[in-house]
Structures are given as structure tokens and as C-alpha cells.
Amino acid sequence: MRAMRFFWIGVLGLILAACAGFPPSSTAVPASDPAAASIPVTAGSPPTPVAYTMPELAIYFEGFEGAFVLYDPAQNRLLRYNPRGGAARYLPASTFKILNSLIGLETGVIADEHDVIAWDGTPQPVDSWNQDHTLESAIQNSVVWYYQALARRVGEERMRQWVEAAGYGNADISGVIDTFWLEGALRISADEQVDFLRRFYDGELPFSARSVEIVKKILVLEEGEGYRLSGKTGSVVRSVEYVGWFVGYLEIDGQVYFFATNIHGSQAAANGVKAQAITRAILQGLGLLPAD
């Protein structure tokens, strides 16, 4: 894996065809479409990255419309499947829990990752939600009611200020304070998710180092020899179209890669679990993540 993770250096003409499992003709094509070349530029952003498209990644999206974005800051390069899809905005669903956690900590409505919010006894659709939760357990189990309670504690005025300050998607929290990320006006693209995650990781968001470190800690999904995978799923189910998200970053021996995947369609199978599975398969195919 160590050798293959240098696939960005000199291999963006041939993305390690043999190692990545693609046909020998697999190529990373420099983006010529304006949509393919663009990525949000915010305060503190590095120079516009060199963007490449890889249509061969369509094999991972069989049965779904979707997009994949991978950013390598060490080389300032961007690899994408379906660049136009990567620029399209969707409800963030539970991926908003990353920012919601930061805001909750920064405003002091929760003290730390161990802060408990008591379950009110209302039956929930997921068994693991039917109990008290901490910030850590709530993000690990994607507990909707916990983050709704957190948002109500923050309140609309402060929530709007922080979402705008973070430059999160369209920053529009119109709708109900405890559902705007599930069925309101808030929208974000895969490109914007990656930019947000980079700024979060690099400490460029308007949050204290303490808040950022706590959220980094609770986002960790797995660790192995020389690598750590962090991220969050999201499933849009309260819209005319189902959308699945998986966003996060992969740390490998001091290097970091930021990614975002979305899928969408008319069937409930377009969800966060499937988006996560697709992302893992792509990262494994590129030699960045060990096989299961």
C-alpha cells in the first residue's frame, strides 16, 4: 500500500492500471470542462488544484447516478468521477452533523464529546437511538434526535451566524431549526464538502482548536497499520429524490486525502450506507485503503 499511495506522482496519465484493477487503457484525463476544473475557492484556500476526471470509476456506481471527489493536498490535485455531479448541490442530511457538532461545542450548549442529552422516551426508528446519548455516541450512531436537540439549544440566530461563517454550501438554513439539513433549504455539493473538510482539518474554520480536535476524534471510523479513516454518512429521505452521502478523509503515514461521494435516485437504496461502500471500493481500488 505504501508504494501504491504515490499514485499521484507520475501516474495521472495511467492510474496504476495493474494495481488499481482497471483495464490497461485506464487513464486520468485532465479536465477540460469548466465544471470539471472548478472547486470552491475560500479564504485560505491553496491555489486552484489540477483536476482530472476518471470515467472508469463508473463501474463502482452501477445502478446509481452519483459523483466522487478526491483531493490530494500534497500534490494539490483533484481526481473526480462525474465532475458536473460533483458540483451539484443536495441536502447534506447527516453529514451536517460534522458542522453541527462544531457549533454545539463552540457555543457551549454541549461541553465535550461525553456530554449527555437524555432521550425523552419517544420511540425512534432505530433501536440504538432509544436511549440517552453523548456527542460521541450520537455521531457514531447518527442519532437524529440528539442533533435536533442540539440545534434547538443553539437557536436559529446563532446557527445562521455559524453556518455562514463556516461557508458551508449555500449557507441557507431556511426552514425549521431542527430539520433544515434534512428537508430545508440547505444545500451542498461534493466539491464543497471536500473544501469544507479540508478547511476543518487544517484549522481554517472559525472554531477553536479544542472544538476541532474533539470532532476529529469522534469522526474516526477505523484505524489500521499506517492509516486512519474518518468520515460521516448521510441519507436524504425527506425529499423527492433519495440521496446518499459519504464524506471524510483518509490519513496515511502523515499524508491526508479528502473525499466526498454522493449517489441519488428514486429508490431508498441510494443511501449513506451504499455511498460508504462505493467509496471504500474506490479507495481500495486506488490502493489507498487496504482490502476488507
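**Entry 1: the model.** I am working from a predicted model.

**Entry 2: strand β3.** I started with β3, which spans residues 65-72. I asked how many of its eight residues are buried. I found seven, so I put the strand down as mostly covered, taking buried as under 20% relative accessible area. Next I looked up the strands that pair with β3. One is β12, residues 255-265, and I noted an antiparallel pairing over seven bridges.

**Entry 3: β3 with β4.** I moved on to β4, residues 77-81. β3 and β4 also run antiparallel, and I noted five bridges. Which residue in β4 stands opposite Asp 72? I found Arg 77 there. I then followed Leu 70 across to β4 and reached its bridge partner, Leu 79.

Entry 4: I looked at β2, residues 50-53, next. Is its pairing with β4 parallel or antiparallel? I recorded parallel, over four bridges. In this pairing I saw Thr 53 opposite Arg 80 of β4. I also checked cover for β4: four of its five residues are buried, and I marked the strand as mostly covered.

**Entry 5: Leu 219.** Is Leu 219 buried or exposed? I put it down as buried, because its relative accessible area is 2% and the cut-off for buried is under 20%. I then listed its contacts, leaving out residues up to four places away in sequence. Leu 219 touches Ile 98, Ile 139, Phe 200, Leu 229, Ser 230, Gly 231, Lys 232 and Tyr 249. I followed up Gly 231. Leu 219 and Gly 231 are 12 residues apart in sequence, and I noted 5.5 Å between their C-alpha atoms.

Definitions and conventions
Residues numbered from 1 in each chain as written. Predicted model: local features only at pLDDT ≥ 70, side-chain atom pairs only at ≥ 80, totals over all residues. Heavy atoms only, no water. Buried < 20%, exposed > 50% of the residue type's maximum accessible area, 1.4 Å probe, protein only. Helix = DSSP H or I, 4+ residues; strand = E, 2+ residues; numbered from the N terminus. Pairing = 2+ DSSP bridges. Contact = heavy atoms within 4.5 Å.
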